[in-house]
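Trainee: I am new to this kind of model and would like to learn how to read its features one at a time. Could we look at it together, with the general idea given before each case?

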Amino acid sequence: MKKSKGILLVTILVYFFLIGPLVIIMAASFSNTNYLTFPGQGFTLKWYAQVLGMSSFINAARTSIIIAVLSTLIALLLGLPAAYALNRYSFRGKEAIQTAFLSPVMIPMVVLGFMMLRYVISVFHVPILPGLLIGHTLLGIPYVMRVITAALANFDFAIEEAAGSLGATKVYCFFHIILPNIQSAMASASIMAIINSFNNVSLSAFLTGPGINVLPIEMMSYVEFHFDPTIAALATLLMVATMAVMLIIERTLGLRSVF
C-alpha cells in the first residue's frame with residue numbers, strides 16, 4: 001500500500017514537472033498587463049489577436065511548416081530505402097554508410113550550421129529557402145533512419161521471401177509487404193523529424209536571411225526587444241495546434257488499424 005502511494009506521488013510530481021511550465025505560460029498569455037507576469041492580472045485576448053495580426057509571425061510560421069514538411073518528405077525518400085537496405089543486406093562498408101547517415105545528430109548544431117553557411121551558402125551560393133531545406137533534411141534523416149531501422153529489426157524478412165517465391169517482384173514486396181508493416185514507424189519518424197525541424201534554432205540561425213525567417217528565430221528576435229505576453233500567447237497557440245495534429249494522427253492511424 002505504501003509502495004503504491006509512493007508511485008502515485010512520484011507520478012504526480014513528474015506530471016507537475018512536465019505540465020506545470022505549460023500551465024504557467026497559458027495563464028500568462030491571458031494577462032491584461034503589458035509585461036509578462038504570473039499570476040496574470042485580469043483577462044484579455046488581445047495578445048492572441050496581436051499574434052494573428054502580425055505578418056512577421058504568420059510568414060515565419062508558413063516558412064517553418066513548408067520547410068518541416070518538405071524536409072521530412074525528402075528525409076523519408078532518402079532514409080527509408082537506406083534503412084531497408086542496411087537491414088536487409090550485408091555488404092562491405094555497411095557500418096560506414098550507417099554512420100554517415102546518422103552523423104548529423106553526432107555533430108553539434110552550431111558546427112553543422114557554420115559548415116552549411118560556409119559551403120552551401122557562401123561557396124555554392126544556394127538561395128536561403130533551398131539552403132534551409134537541405135539543412136533540415138540532414139537533420140531529419142537520422143530520425144527516419146533510427147526509427148525505421150528499429151522497426152525493420154523486428155520484421156521477419158521470410159515473409160518477403162515467401163512472397164517472392166510466389167512470383168511477387170521486389171518492388172511489389174516493398175510497397176505491399178514492407179511499407180504496410182512499418183506504417184506506424186514511418187508516422188513516428190515523420191512526427192519526430194517535423195517537430196525537430198520546426199523547433200530548430202541553432203542550424204536555422206545560420207541559414208536564414210533578410211526577408212526569410214523561421215518561427216523560432218522570429219520568436220527569439222521578438223523576445224530580444226519585447227517583454228509582453230505575445231510570445232506566451234503564440235506558445236499557447238502552438239501547443240494547442242500540436243495537440244490537435246497529434247489527435248488527428250492518432251485517430252487516423254486508429255481507424256486504419258481497425259479496417
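Mentor: Let us begin with burial: a residue is called buried when its relative accessible area is under 20%, exposed when that value is over 50%, and partly exposed in between, with a 1.4 Å probe and protein chains only. Please keep in mind that this is a predicted model, in which local features need pLDDT of at least 70 and side-chain atom pairs count only at pLDDT 80 or more, while totals for chains, interfaces and linings use all residues. Residues are numbered from 1 along each chain as its sequence is written, and side-chain values use heavy atoms, with hydrogens and water left out.

Trainee: Is Thr236 buried or exposed, then?

Mentor: Thr236 has a relative accessible area of 4%, and therefore it is buried.

Trainee: Where is Thr236 found, and which residues does Thr236 touch?

Mentor: Helices (H or I, at least four residues) and strands (E, at least two) are DSSP runs, numbered from the N terminus, and Thr236 is found in helix 12, which covers residues 230–258. A contact means heavy atoms within 4.5 Å; leaving aside residues up to four places away in sequence, Thr236 touches Ile25, Met26, Ser29 and Tyr48.

Trainee: How many helices and strands are there in the protein?

Mentor: There are twelve helices and zero strands, and the C-alpha trace spans about 70 × 65 × 35 Å along its principal axes. Among the contacts with a separation of 6 or more, 70% are accounted for by residues 24 or more positions apart.

Trainee: In which helix is confidence lowest, and in which is confidence highest?

Mentor: The predictor's confidence in each residue is given as pLDDT, from 0 to 100. The protein averages a pLDDT of 86, and 96% of the residues score at least 70; confidence is lowest in helix 12, at a mean of 77, and highest in helix 3, at 92.

Trainee: Which residues have the most contacts inside the largest nonpolar core?

Mentor: A nonpolar core is a set of buried Ala, Val, Leu, Ile, Met, Phe, Trp, Tyr and Cys residues joined through side-chain atoms within 4.5 Å. The largest one here has 25 residues, and those with the most contacts inside it are Met145, Ile148, Leu152, Ile178 and Ile182. Helix 3, helix 6, helix 8 (170–181) and helix 9 (183–199) each supply at least two residues of this core, and its largest share, seven residues, comes from helix 3. Apart from this core lies another, of 14 residues, among them Trp47, Met54, Ala61 and Phe198. As for Leu152, the residues that Leu152 touches, not counting those up to four places away in sequence, include Ala83, Tyr84, Asn87 and Phe157.

Trainee: How should I read a pair of charged residues?

Mentor: Side chains of opposite charge can pair when their charged atoms come close. A salt bridge is a side-chain nitrogen of Lys or Arg within 4 Å of a carboxyl oxygen of Asp or Glu, and by this rule the count comes to two. In one of them the side chains of Glu160 and Arg88 meet at 2.9 Å, N to O; Glu160 lies in helix 7 (residues 158–165) and Arg88 in helix 3 (residues 55–88), so the pair ties together parts that are 72 residues apart in sequence. Arg88 also meets Glu161 in a salt bridge, at 3.5 Å, N to O, and salt bridges that share partners join Arg88, Glu160 and Glu161 into one network.

Trainee: Why does Glu160 count as buried, and why does Glu161 count as partly exposed?

Mentor: Glu160 counts as buried because its relative accessibility is 3%, whereas Glu161 counts as partly exposed because its value is 47%.

Trainee: What is the phi of His125?

Mentor: Most residues other than glycine have a negative phi, and most peptide bonds are trans. The phi of His125 is near 55 degrees, a positive value in a residue other than glycine. His125 is found in the loop between helix 5 (109–123) and helix 6 (128–153), and with a relative accessible area of 61% His125 is exposed.
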